Amino acid sequence: MDDDTGTGTRTLDEFWASENPIFARKELLDIDYIPEEERIIGRDTEIERVASSIHPAVEGDSPRNTLIYGKTGTGKSLVAKHVTQSASEFARNNGTGMGTAYIDCTQSSTETRAVITIARELNDPEKTGITIPVTGLSTDEYYHRLWSILDALYDVVIIILDEIDKLQGSEILMQLSRAGEAGKVNECSVGIIAISNKISFKETLDERILSSLQDREFVFPPYDANQLRNIMYNREDAFKEGVLTEDVIPLSAAIAAQEHGDARKALDILRNAGEIARDQQMEIVTKNHVEDARKRADIDRFAQLLDGQPTQTKVCVYALTLLTEQSSDDEFSTREIHEVYSKIAAELGIDSLSQRRMSDRLNEQVFLDILGRTDRVGRGRGKGVTHLYYLLEDPDVIKSVLADDSRFNNFSDYLVT
DNA sequence: AATCCACAGGAAGTCTCGGTTA
DNA sequence: TAACCGAGACTTCCTGTGGATT
């Protein structure tokens with residue numbers, strides 16, 4: 001860089017005008033991009049199973065409710081969307097009025113928000129004359145309007161509730177799964193595809209909901225390195241011809257396979273590698289770019305998770321980070337973490353929480369995938385099990401994220417002994 | 001075999017805050 | 001304006017547990 005435009009010897013105008021030398025169809029690397037069927041790799045049996053469980057719907061009969069489990073990036077949403085989309089096209093051609101709604105429960109996390117989203121997705125004010133205000137009505141009224149819409153427009157609807165474990169309360173599941181039986185809707189049957197990345201989600205549901213939701217249950221296994229490689233080769237034309245050096249995709253696949261076979265991560269790494277190469281004005285993407293991209297992806301993901309978390313939470317994470325760094329172990333009991341945590345809190349001049357409370361916080365963080373936890377039986381002589389917490393990221397990554405919070409700057413490491 | 005230990009997580013009480021009612 | 005209410009965050013106390021210790 002020999003001038004301060006940051007674009008080498010080019011002027012800004014040239015920079016704007018310059019053609020993107022790396023990407024051809026970047027949208028292919030978007031995780032939400034629904035590929036044509038032959039581009040969905042290694043999920044054949046899953047597609048078949050989901051399809052068979054909603055099959056009755058294309059003829060207007062009641063589809064079976066379906067529960068899908070699997071870690072992030074195992075193609076749950078992709079398969080669900082793909083199958084419903086294809087089903088509704090088929091149904092339309094056969095004269096069945098089929099509607100589908102997709103709800104991301106991280107966005108609509110309360111019962112009311114979710115109902116509103118469903119109603120708005122399915123509504124066609126031209127035909128029903130029903131309006132769904134974004135806010136202002138009681139939850140009951142929203143349900144009421146939703147039932148009217150269903151009766152007026154559809155023979156059958158499939159509702160996909162993605163990341164359902166993020167939904168507060170399960171009232172809505174109850175309502176939806178019982179809609180037909182309770183006589184709320186007469187003309188239309190309702191099918192639910194619930195997607196969760198926590199197997200333990202089921203335990204939080206009460207019996208009645210479970211029984212109506214438990215018709216079909218699938219677990220999506222993680223992708224293996226081979227499948228990840230194929231997924232990426234299939235989206236290779238996101239890049240211009242000859243841009244990727246040959247070890248880029250195998251390396252990205254290997255990295256993602258280590259991290260629980262997460263296809264989202266694999267694609268993120270690939271895209272980031274491309275962006276980094278472009279920023280460096282390279283014409284090709286190399287192994288080094290992939291390595292850089294991996295680091296950047298880790299930092300971004302973690303920053304996003306930790307951002308907005310209260311300081312207390314950050315201190316907990318920081319305590320665990322210091323412990324991990326300065327010890328040969330990588331798992332620590334609540335008590336060990338609390339000791340370090342208290343010292344840090346004192347150093348920062350903030351109140352320190354009781355061990356009881358901190359343990360709740362740690363568990364919240366496990367739920368949010370900020371930390372990991374194993375339950376050890378025996379030896380720790382706890383209540384049969386002892387919780388051991390561990391970091392899900394490299395300590396360096398976490399430190400660099402926390403360093404954004406000025407309170408954690410120039411913080412010395414002498415605390416752990 | 002009896003007792004001890006130390007931990008997870010439930011129960012119940014306190015505090016604080018924002019909003020509402022008399 | 002005072003009194004009240006409910007939710008949520010937190011604390012303290014407590015119980016159940018099962019390997020470790022005696």
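How far apart are Arg271 and Asp268 in helix α11? Hi everyone, that is my way in today. They sit three residues apart in α11 (residues 263-279), about one helical turn. Helices here are DSSP runs of H or I with at least four residues, and strands are E runs of at least two, numbered from the N terminus.

A word on the ground rules. This is a predicted model, where local features need pLDDT of at least 70 and side-chain atom pairs count only at pLDDT 80 or more, while totals for chains, interfaces and linings use all residues. Residues are numbered from 1 along each chain as its sequence is written, chains are lettered from A and ligands numbered from 1 in the order in which they are written, and side-chain values use heavy atoms, leaving out hydrogens and water.

Back to our pair: Arg271 and Asp268 form a salt bridge at 2.8 Å, N to O. That term means a side-chain nitrogen of Lys or Arg within 4 Å of a carboxyl oxygen of Asp or Glu. The structure has 11 of these salt bridges.

Another one joins Glu325 and Lys399 at 3.1 Å, N to O. Glu325 belongs to helix α13 and Lys399 to helix α16 (residues 395-402), so this pair ties together parts 74 residues apart in sequence. Glu325 is partly exposed at 33% relative accessibility, and Lys399 is partly exposed too, at 23%. For reference, buried is under 20% relative accessible area, exposed is over 50%, and partly exposed is in between, using a 1.4 Å probe and protein chains only.

Lastly, in helix α14 (residues 334-348), Glu339 and Arg335 lie four residues apart, and their salt bridge has its closest N and O atoms 3.2 Å apart.
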